[in-house]
Amino acid sequence: MSVLTRDEAQTRAQFLDVHRYTIDLDLTAGEETFDSRTVIQFTATAAGDTFVELKPAALRSISLDGQPLDPADLVENRFPLTALTAGAHELRIDAAMRYSRTGEGMHRFTDPTDNETYVYTQLFMEDVQRVFAAFDQPDLKSVFELTVTAPEGWTVLGNGIAEQRDDGRWTLAATPPISTYLVAVAAGPWHSVTTEHAGLPFGIHCRRSLAPYLDADADEILDITRACFDRFHEKFDEPYPFDSYDQAFVPEFNAGAMENPGLVTFRDEFVYRSAVTDTERQTRGMVIAHEMAHMWFGDLVTLAWWDDIWLNESFAEYMGYQTLAEATRYTDTWVDFGVARKGWGYDADQRPSTHPVAPDPAAVPDTASAMLNFDGISYAKGASALRQLVAWLGEKDFLAGINAHFARHKFANATLADFIDNLASATDRDVHAWADAWLRTAGVDTLTPQVEESAGTWSLTVDRTGSRPHRIAVGAYDHAPDAHAGPDRLVLRDRFEIDVPQNGTAKDLPGRRPALVVLNDGDLSYAKVRLDAASWDTAVRDLSGIPDALTRAVVWNAARDMVRDGELAPTAYLDAARAHLPHETDLALAQGVLAFAGAHITGRYLGPDKRPAALATLTALCRDLIRRTEDGHNPGLRLIAVRHLIDAATQPDTIQDWLGNGTVPGGPELDPELRWRILTRLAVLGATDESVIAAELEQDPSATGQEGAARCRAALPTPEAKAAAWDALFNDDTLSNYLFTATAQGFWQPEQADLVQDYVPRYYPEATRLAARRGPAIADAAGRYAFPAYAVDTDSLHLGEQALNDKTLIPALRRKLIDQIDDLRRALAVRDAH
């Protein structure tokens, strides 16, 4: 397939003005393909040649200005349009298109619960070509008018209000000018909850088998939607630019959500059919707010080329957390960002694949390279940079610049230069210099305090590695002994702001040196921080006594980074968790610390000889949390502890009893998520078999049940089970994206190292061939989930390094392997250091 280059896109944008797409989709043609008929009205600004993109199963006919063209001229995904004259043209295309099982293009899913079928589009980057012919680049915006023929009993959703005609076809209202990748259709026998807000129709939709669960949460979802909608209208001068607001929770979705104007699509795991924590509900709310922010930043004003993807994602990420905190009951969203999301950015920014938030255009020469930048840098680091910008600029001037940006570029495209110019127009600060320092440089700065004390005063000097200016708060804390058992309580003596490096030294502060000095208190900047020796001693002893959860998140992140950098023993992190999590009140912090301890410390940073003791520590910690929550006052914390105890179990007896009794003593009762979680761990431990898995699947034949069974079967510690799972992963090209992921998650287990060691060298060549056959979505899953992450040894590292020399690696897999191999290299370094 030919990928679009930046140069080609710029040439075509100068040559064409695209006015309207009239698209007719027929979803009744069978299970493998659908019919797509497209009329494109465009103007050539001069005489010349160009091309239109299309990936059909069969191109039946194509004509230009009424004259037939030869379908055989289609080469890969491009049809040449030669000898165009200057002026108006009409292109007509009739094609059969393939349904997808990988979440790309028009994805088709049949629900195993009730055998109902659903289809939906995901057209991001270059997948519109899988659904209809298009001049596929973001700066050729156009009006889109769609008609859809769907089976009887289906509902069709799209970017505009849908109306069912007498002949059973559905007509979607014409859109304002939008980019090709933002066109959306979702069709099937949806269960819908509809309302009206601010004079617009609002709706939420899911497949029928999830109807009771959507209904249970409908008020919460719609309340958050309305609250964020109203808050954005307080922030933005431009009103919501589309005619309706639908949110569809769709199956087997590759991303968290997609900001299609008027029809946001979400992965339907956000329709909770099992118990979840309040933090998980907050995450769903953040995603709702994030996608709504895109209606302005991304949809109303769109990037001109993919090097500016951060303009979409960083802005929506920042606004998602900030607006949810301002408009809903979830006022502590930045704690979850700090402990869960920010680490994603820090990790990505320390790998060889790092890049600036706003990369040099030369670094994004085509769509394949652009796709690689959807990472922790474009999301978490970019959002952190914007949060720092707001702290430095002030929210009033920031919003004034944003509103100027919307006004000047609405329904059009804009670049980084446009964005910075518009911000600069609202302030006398040097925003261009800030952008150079923050957006055009890669890597993470580290801030280290030097604290000195003399008679009656103390002083602070901040050493910085890196090049960025930081506006940070410094927190100074003293002990306030508490009569209750546990660590001492700390109280804030003083919090003051400093600029690093401009005036990074604050001298002659009154009083004795504080017990704890925390840089970046409030987490308003993006930098790794360290603690001075005395402050670290206080943190080790009294971390859970720090009064503010966001400050605790900063300290936990410092500990996390010290482990990853080889400066703190992994077992010391576990000991700190063992000491302080039993006193933790913030669910996001408890979840974040346990997740790092389970996935990274016990899973990778400690060798096989130390893993059993580490798992025993985690098990004891989780038992403490379960005992602490016996009175039912904190069910979210109890659920977190139960989940992590299951994952850390080294003996089957306790969790086997839970499964047999259908409940944890004292609660909770086992819902499907917990039952499959236990059964997966029992499979790893060799304490269950195929008959039990099959019986569980009979009780829960849902899509998530199918995934749970695939995960369990792949985790069984037998040669036959591993061979079957491997064959499904690398030879069964009909395996859907979600079933592929579930199978991969079950396959590699640290407890089964001897059983799977012969598969490690097989992984690289077979993953390379698989990615070439099945494309970027499966390549991403193969690199993320099917990688042998458990194998932390020099042989595995050398195999990986050699694999990167393979010139046939597609970019999506190459990027994942670069990251995985660097993480492997880091894990070996951590082991060597301790």
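## Helices α4 and α8

The crossing of α4 and α8 is left-handed. This is a predicted model. Helix α4 covers residues 309-327 and helix α8 covers residues 395-409; the two pack at an angle of about 125°, and their axes are 15 Å apart. Because of that angle, α4 is oblique to α8.

On the α4 side, the contact is made by Phe315, Tyr318, Met319 and Glu326. From α8, Glu395, Phe398, Leu399, Ile402 and Phe406 take part. By class, the contact of α4 with α8 has 7 nonpolar residues, 2 charged residues and no polar ones.

## The four-stranded sheet

An open sheet of 4 strands is arranged in the order β8-β9-β14-β11, and its pairing is antiparallel. The edge positions belong to β8 (105-110) and β11 (155-158); each has a single partner strand, so one side of each has no neighbour in the sheet. On average, neighbouring strands of this sheet are turned by 10° against each other, with direction ignored.

## Strand β16 and its partners

Strand β16 spans residues 200-206 and is mostly covered, with 6 of its 7 residues buried. Strand β15 (residues 191-197) pairs with β16 in the antiparallel sense over 7 bridges. Within this pairing, glycine 203 in β16 stands opposite threonine 194. The hairpin of β15 and β16 has 2 residues between the strands, and alanine 198 in this hairpin takes a positive phi near 55°.

Strand β16 is also joined to strand β17 (residues 245-250), here by 4 bridges and in the parallel sense. The bridge partner of histidine 205 is alanine 248 in β17.

## Threonine 367

Threonine 367 lies in helix α6, which runs over residues 367-371. Its relative accessibility is 3%, so threonine 367 counts as buried, the cut-off being under 20%.

Leaving aside residues up to four places away in sequence, threonine 367 touches Val3, Leu4, Met125, Glu126, Trp305 and Trp306. Threonine 465 is 98 residues from threonine 367 in sequence, and the C-alpha to C-alpha separation of the two is 34 Å.

Technical notes
Residues numbered from 1 in each chain as written. Predicted model: local features only at pLDDT ≥ 70, side-chain atom pairs only at ≥ 80, totals over all residues. Heavy atoms only, no water. Pairing = 2+ DSSP bridges. Axes fitted to C-alpha atoms, helices over the stretch in contact; angles between N-to-C directions. Parallel < 35°, antiparallel > 145°, perpendicular 65-115°, else oblique. Left-handed = near helix turned anticlockwise from the far one by under 90°. Contact = heavy atoms within 4.5 Å. Nonpolar A, V, L, I, M, F, W, Y, C, P; charged D, E, K, R; others polar. Buried < 20%, exposed > 50% of the residue type's maximum accessible area, 1.4 Å probe, protein only.
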